[in-house]
Amino acid sequence: MVSPVRNGWLSIGALGILALALGTLQSVVEPALPLLQRELGVSPAEGALIGNALLITGAVITPVAGKLGDRYGGKRVLVRLMAVVSAGGLMAGLAPNLPVLLLGQVLQGVMVGALPLSFILVRKHLPTGASQAAIGLVVALFTGGSTVGTLFAGPIAEGLSWQWMFALPTIAIIATTLAVARLMPHDPPIPSDDRIDWPGTVLLSGTLLAFMLGLVTVTRDGGVPPLAVGAIAVVVATLATGWVVVERRATSPMVDLRMLAKPAMWNACVLTFVITTSFGMVAFLLPQLFGVSADGYGFGAGTTDIGLFLLPGAIAGAVSDSVGGIAARRFGPRAVVIVGTVVTASTMIALASLHTAEWQLVVAKVLTAFAAGVGTTALLAGTATAIETKDIGIATSLLVVTRVIGVALGAQVAGAILDAGADLRTGQPTESAFVTGFAVAGLVAALSLLVVRITKRGAQA
C-alpha cells in the first residue's frame, strides 16, 4: 500500500511532468513561425496571431483560474482545463488552415491556468516546507518544457510535419492528465461569495483580439479605406471602454483597476508594458530574419536551426527570472530597469545596422531576453514589497497580465511593420522593414528611461 506522503509526491511528480508537456506545447510556435507562414500562405502579421492567440487566452484566464480552483476544487478545474487544452492541441495538429489553427491556439491558451491550480494542489497536499520545493519543481519543469519545445520543434516539423509539433505534446498532456486524475487526491472546494468576473474576461479578450485583428487588416496588402480604419478603432475603443466600466463596477473584478491608483503599481505596470512590448518585437523579428532566404539578406535557416539559434536566448530568459529578484533587492528596481533598458536599446540600435551573421542575432536575443526578464522580475519583486500584503495577489496578477499583453502587442506591431515594408513583387519583407522594426524596438525600450525619469520627479514632488 502506498503511503499518503509517497502518494503525495507521486501526484506532484505527475503535475511536474504535465507542466513539462505544457511548456513544450506552448513554445513550439516561435521557432516554427517562418515555416507555418510558408505552409499556410500567410503574412508575418497573420503569423504573429498564431502565437498571440495563446497569449491572449493566457492573459485573461490567469486571474480567473485560481478563483475557479478555490471555488470548485483545484483538481476538478485542472482536469477540465486540460481537456480544453487537449482539444486545442488536437485541433492545431489537424488544422488545414489559419482560422482552425488560431482556434486551436485560443483553446490551448487556458494552459496558463494550470500553474495557479497546481500551486493550490501542492499547498493542500504537502507540508509547508515540502510545498515550497514542489512549487519550485513545477515552475522549473514548465520553464524546462519551453526549452524542450524550442529545441525539438524543428526536428519534429522537418522529420514528420508541423502538425506533429502540436500533436505529440498534446498526447503527453492527455496521458499525464489521466495520471494526475488517478493519483491526485480530491481537494475540497472553498465556499466563496465572490463572483467570477465573466463579463470582464470576455470584454478584455474581445478588446485584445479586435486590436490584433485590426492591425493585421490595416497593414495587409493594399491596406483598407480610412473609413474602415476608423470603424476598427471605434470597435476597439468601445470594447476597451466597456471593459474599464465593468471592472470598476464589479464586486470581484478580474483585474482590480483601483490598484492602478497606487503610484508603485501604476509605475510598475507602465514600465512592464514598455519593456515587454519591446521584447515582444525582438522575439518576433529574429526568427523571421533567420528564416528569410539566404539569396538576399537573410540566412535561409530551417526550423531546427532556428530553434538552436533561439535556445541560448530561452535559457537566458529562464535564468533572468531568478536573477531579477536578487538584483532588485541589491540595487533597487529602478536601477535594474535603467540598465536593462540601456542594454536593450543599444542592442537594437546595433542590430539595425549590423545583422549579417547568425551570431549577431543570437547575442541580441540573449541580451534582450535577459534584460527583459531581469527588468520585469525586478518590478514584480519591488511591487510585492511596496504594497500591503493583502494586495499582493491582485498586484502580481495585474503585472502578469500586463506582461503578457505587452509581449503580444510587440509581436503584432512587429508583424505589421514587416507587412507594411513587404516587397510588392515577392510579398516578402524587405531588409529595410527589419531595420525599421529593430529601430522601433530600441525606441520603445528607451521609453522606459523617460518613464523612470517622470515617475522619479513625481515621487520627489
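Trainee: Which residues of α2 meet α11 here?

Mentor: It's a predicted model, to begin with. On the α2 side you'll find Glu 30, Leu 33, Pro 34, Gln 37 and Arg 38, and they meet Ala 283, Phe 284, Pro 287, Gln 288 and Gly 291 of α11.

Trainee: And by class, what's in that contact?

Mentor: Five nonpolar residues, three polar and two charged.

Trainee: At what angle do the two axes cross?

Mentor: Roughly 55°, and the axes come within 8 Å. Helix α2 covers residues 29–40, while α11 covers residues 263–291. At that angle the two helices are therefore oblique to each other.

Trainee: Left-handed or right-handed crossing?

Mentor: Right-handed, as α2 passes α11.

Trainee: OK, switching to the core. Which members of the largest nonpolar core touch the most others?

Mentor: Trp 162 and Met 165, in a core of 95 residues. Helix α3, residues 44–72, gives the most to this core, with 12 residues.

Trainee: What is Met 165 in contact with, neighbours within four places aside?

Mentor: Leu 25, Val 28, Ala 32 and Leu 36, plus Ala 153, Ile 156 and Ala 157.

Trainee: What does the second core include?

Mentor: That one is separate and has 10 residues, among them Val 337, Ala 372, Leu 379 and Val 452.

Trainee: Last one: how many helices and strands in the protein?

Mentor: 16 helices and zero strands. Of its 461 residues, 52% count as buried. For contacts between residues at least 6 apart in sequence, 81% join residues at least 24 apart.

How values were computed. Residues numbered from 1 in each chain as written. Predicted model: local features only at pLDDT ≥ 70, side-chain atom pairs only at ≥ 80, totals over all residues. Heavy atoms only, no water. Core = buried A, V, L, I, M, F, W, Y, C linked by side-chain atoms within 4.5 Å. Buried < 20%, exposed > 50% of the residue type's maximum accessible area, 1.4 Å probe, protein only. Helix = DSSP H or I, 4+ residues; strand = E, 2+ residues; numbered from the N terminus. Contact = heavy atoms within 4.5 Å. Axes fitted to C-alpha atoms, helices over the stretch in contact; angles between N-to-C directions. Parallel < 35°, antiparallel > 145°, perpendicular 65-115°, else oblique. Left-handed = near helix turned anticlockwise from the far one by under 90°. Nonpolar A, V, L, I, M, F, W, Y, C, P; charged D, E, K, R; others polar.
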